[in-house]
Amino acid sequence: MSKTHVYELAKKMGIENKELIARLKSVGIEVKSHLSVLEEEDVQKVSAPSEPPKGIQPQQDEVRVTTTVIRRRPKAVTQTAEVIESVAAEVPEPAPATPVEVVPEPPVVEEVPEKPEAPPVEPVQPEAVAATEEPKVEQPKAEEPEPPAVQEVRKPASTEADKPTMNRARILGRVELPGLKPAPRPVEKREVVIPPKKKVEERVVTPPPAAPAVDDRKKKAKVFAEPATSTGGAPGAKKSPAGGKKKEAYKKAELLEKRERIFEPGPKSGKGKRRERETVSSGRKTEITVPKAIKRIIKISESITVGELAKRIGVKATDLIRVLMKMGMMVTINHPLDVDTATLLAAEFSYEIENVAIDMDEVLESTPDEPESLKKRPSVVTIMGHVDHGKTSLLDAIRETNVIAGEAGGITQHIGAYAVELNGRKITFLDTPGHEAFTAMRARGAKVTDIVILVVAADDGVMPQTREAINHSKAAGVPIIVAINKIDKPEAKPERVKQELMEFGLVSEEWGGDTIFVEVSAKKRVNLPDLLEMILLQADVMDLKANPDKEARGTIVEAKLDRGRGPVATVLVQEGTLKIGDYFVAGVHFGRVRAMLNDRGDKVLAAGPSMPVEVIGFTGVPDAGDVFISLPDEKKAKEIASYRQQKLRETELAKHSKMSLEQLYDKIQKGEVKDLNAIVKADVQGSVEAVSESLRKLSTDAVRLNVIHSSVGAITETDVNLASASNAIILGFNVRPEPKASALADKEGVDLRLYNIIYDAVEDIKKAMEGLLEPTLREKYLGRAEVREVFSVPKIGNVAGCYVLDGKMIRNASVRLLRDNVVVYEGKMSSLRRFKDDVKEVATSYECGIGLENYNDIKVGDIIEDFEIEKIAAKL
Ligand SMILES: Nc1nc2c(ncn2[C@@H]2O[C@H](COP(=O)(O)OP(=O)(O)OP(=O)(O)O)[C@@H](O)[C@H]2O)c(=O)[nH]1
């Protein structure tokens with residue numbers, strides 16, 4: 001290796017030929033071109049002085065890094081000019097993030113394959129090295145005469161730096177993640193900066209021909225320094241990461257501890273848990289206990305379900321059902337058992353049943369009062385009549401003109417009833433006019449009304465509802481007072497009304513009858529006091545009395561759930577006196593009177609007979625017509641209410657569990673039924689057998705047909721009861737049900753079918769069973785979109801600009817347009833677009849345009865729901 005070409009040496013040194021030539025010149029070696037040959041001593045000569053100048057001596061301690069970098073740099077400069085440019089721009093940048101991002105070593109190294117030492121340098125970058133460099137930072141900077149040049153470059157580049165170029169992106173990919181923490185930054189920066197400096201030198205600042213090596217070094221040193229400076233106080237920069245680390249470590253520990261405490265309390269409570277577990281497992285081993293005789297009595301009130309009884313006995317419900325089947329009862333787990341059946345059943349398991357049901361009759365029946373305890377009570381009046389004959393007007397007129405003395409000016413409240421006063425005597429009006437309310441109450445067994453005011457418009461006469469009202473009143477045995485209304489009208493013909501009413505047995509006194517007639521005008525307030533007087537008279541005749549000195553009983557007139565007050569109900573006290581704090585039961589609800597208000601909204605402390613009061617303190621909303629009974633203690637009130645609730649549940653359950661051939665299909669669809677039970681009754685034994693046999697043959701794997709009972713003779717109550725208990729249908733051939741059985745079947749909802757031809761019956765059942773398995777159509781919900789805009793498209797019509805709220809919109813799906821939850825259109829989707837393209841479907845949270853087939857009335861805010869109809873095929 002005695003002779004070396006200039007270009008070879010330059011390459012070796014990692015500098016440009018030009019530069020080397022200049023250097024050679026500076027040491028007195030003249031070369032012509034890069035092809036010139038150098039002697040070995042020349043080579044050494046030119047290499048020797050290229051050591052760092054004294055001023056930059058401190059950098060010696062990082063020679064390894066420096067040299068490596070230096071060697072690599074030129075290549076990097078030429079090859080990755082853009083990167084360098086941006087990096088150069090970052091040199092003076094005080095922002096620490098930028099230099100960190102750019103770690104150009106790898107590309108550089110790649111391009112200088114003959115410098116194998118380069119790559120190892122990278123991973124070697126220890127934080128410590130960076131740290132040692134920090135103090136040097138300032139010196140070179142001070143010497144550095146180039147900032148302007150650098151800045152020049154920086155300006156355009158800085159924006160570039162902000163927006164990563166392809167190159168940058170590539171480089172960014174190599175950011176040393178282990179050094180993500182602040183600590184390694186200085187190292188990275190140092191490295192990062194090196195190429196830019198070089199590049200700056202070469203491309204922007206023309207290297208001075210003289211003393212290039214020294215200059216170079218200086219610049220390098222400066223460049224080293226800059227990134228460090230840019231980190232802002234190197235020592236600090238180093239400390240802080242360390243501090244940060246400590247903090248982080250502390251935080252981590254704290255977090256871990258927290259997590260343990262909150263989510264994994266195991267370690268701490270581990271022992272305890274184990275002990276716990278041990279006790280549990282040892283507890284499980286306890287031997288099966290036989291309840292004491294006293295415990296072998298099951299208390300029920302009137303009835304108990306199979307499931308509940310099984311639970312109380314401690315056996316499986318299926319065991320009970322099995323026993324019941326042996327007893328001839330086909331029941332389900334929810335089937336209610338009466339006391340007798342339950343007793344029989346319990347006996348099988350050595351249990352006794354005790355009926356602890358409250359004697360409801362005892363509670364419900366009001367005790368007869370001693371005649372001397374009875375006191376006069378106001379009459380309760382209901383106004384009835386034909387539509388528009390003036391019922392409401394009359395009620396209002398009476399109320400407005402006859403408010404109770406001394407209470408005038410109070411704000412009237414609608415509580416369903418109100419009281420008026422005339423001559424110191426009170427009259428209570430139920431202010432729900434019409435015979436519907438009247439009959440509804442009566443249907444629930446409530447007899448509230450004492451007197452009916454039949455309103456007949458003088459200009460209209462007797463009308464259909466007038467007749468109905470008369471019939472209802474008569475059926476209830478309530479006396480009628482006729483109010484011929486609208487007598488102010490010129491066309492009023494009161495005499496004609498009287499005449500018409502004669503037909504219904506309502507004959508006025510003047511015509512020799514006993515019905516009171518009053519001609520009034522609700523509008524002009526004519527004769528209203530007369531009407532009231534007549535009511536009082538009628539009440540006197542009726543001698544309405546009640547005992548106010550006992551626990552109150554009454555009827556719910558109206559009930560509602562009030563937002564602020566909870567359930568409230570208007571109680572018309574019929575006997576006794578209701579007081580604040582009284583416990584009561586009404587229908588299936590109980591409660592305690594917390595407050596009482598009259599029809600003017602005034603608080604009252606007590607309400608006597610015929611007084612309507614709004615009661616607060618119900619546990620639930622009772623029904624109008626429910627009997628209200630005040631009770632001495634809460635326990636009893638609760639007991640009665642829960643007993644009634646249970647009864648109600650049982651009745652509902654019984655209703656629901658009944659089977660009809662039509663319902664069967666639905667039930668099987670829901671998976672509730674796999675059997676069709678039938679009871680066969682026929683006129684002759686031959687028919688019974690033939691039918692039973694034909695039906696059994698209809699059984700399939702999917703639906704079993706069980707003839708649970710068959711016999712000759714009429715359909716009896718027993719048959720119906722059996723059908724009811726076992727969800728069976730009754731098929732009768734040439735037989736009729738007994739009248740009582742027919743009524744019971746109606747009541748119990750038992751499907752009773754009568755045939756004359758066996759074939760028809762078998763055919764019916766077959767159809768029902770095939771119906772179970774016929775293909776059915778079911779709607780499948782797909783999604784919903786909200787109309788946000790409506791576009792009018794020429795020739796096409798309106799298209800809804802929608803936002804898919806959930807599910808997805810599928811082209812050609814069936815759709816319905818909902819406006820305020822009301823279906824305003826149902827049909828097909830005619831188009832589904834996203835922007836201008838037809839699409840097959842649009843998913844949630846996307847916008848789309850939807851066209852509806854033959855429908856244009858789309859409005860913003862409408863909801864488009866799409867669905868498809870599924871065919872569910874089922875085969876026998
Ligand atoms: N001239 C006259 N019009 C009356 C009188 N009473 C009621 N009207 C009018 O008759 C119409 C019907 O009166 P309402 O009190 O609403 O009759 P209603 O029987 O309560 O009607 P429905 O609640 O629909 O059954 C109203 O326009 C009243 O103004 C009256 O005494 N004289």
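The structure is a predicted model, in which local features need pLDDT of at least 70, side-chain atom pairs count only at pLDDT 80 or more, and totals for chains, interfaces and linings use all residues. Residues are numbered from 1 along each chain as its sequence is written.

The protein chain contains 31 helices and 34 strands, taken as DSSP runs numbered from the N terminus (helices: H or I, at least four residues; strands: E, at least two). Of its 876 residues, 38% count as buried. A residue is buried if 20 or more other C-beta atoms lie within 10 Å of its own, exposed if 12 or fewer, and partly exposed in between, with C-beta atoms placed from the backbone. Two residues are in contact if their C-beta atoms, placed in that way, lie within 7 Å. Among contacts between residues at least 6 apart in sequence, 74% join residues at least 24 apart.

The largest nonpolar core comprises 80 residues. Such a core is a set of buried Ala, Val, Leu, Ile, Met, Phe, Trp, Tyr and Cys residues joined through C-beta atoms within 7 Å. Leu454, Val482, Ala483 and Phe584 have the most contacts inside the largest core. Strand β11 (residues 451-457) gives the most to this core, with 7 residues. Apart from neighbours within four places in sequence, leucine 454 is in contact with Met384, Gly385, Thr466, Ala469, Ile470, Ile480, Val482 and Ala483. A second, separate core has 44 residues, among them Leu695, Phe733, Ala741 and Val750.

The ligand is surrounded by 16 residues, of which the closest are Gly390, Lys391, Thr392, Ser393 and Lys523. By class, the shell has 3 nonpolar, 7 polar and 6 charged residues. Here Ala, Val, Leu, Ile, Met, Phe, Trp, Tyr, Cys and Pro count as nonpolar, Asp, Glu, Lys and Arg as charged, and the others, Gly among them, as polar.

Two strands pair if DSSP finds at least two bridges between them. Strand β9 runs antiparallel to β10 (residues 425-430) and is joined to it by 6 bridges. Within this pair, tyrosine 418 stands opposite phenylalanine 429 in β10.

Strand β23 (residues 675-682) pairs with β24 in the parallel sense over 8 bridges, and lysine 681 stands opposite serine 711 in β24. Valine 703 is found in the loop between α28 and β24. This valine 703 counts as buried because it has 20 C-beta neighbours inside 10 Å. The C-alpha atoms of valine 703 and leucine 676 are separated by 7.0 Å, although the two are 27 residues apart along the chain.

Strand β18 (residues 583-586) runs antiparallel to strand β19 (residues 589-597), and 4 bridges join them. Tyrosine 583 has arginine 592 in β19 as its bridge partner. The hairpin of β18 and β19 has 2 residues between the strands, and glycine 587 takes a positive phi near 60° there. Strand β19 also pairs with β21 (residues 612-618), in the antiparallel sense and over 4 bridges.

Phenylalanine 791 lies in strand β27 (residues 776-793). With 13 C-beta neighbours inside 10 Å, phenylalanine 791 counts as partly exposed.

Terms used:
Near = placed C-beta within 6 Å.
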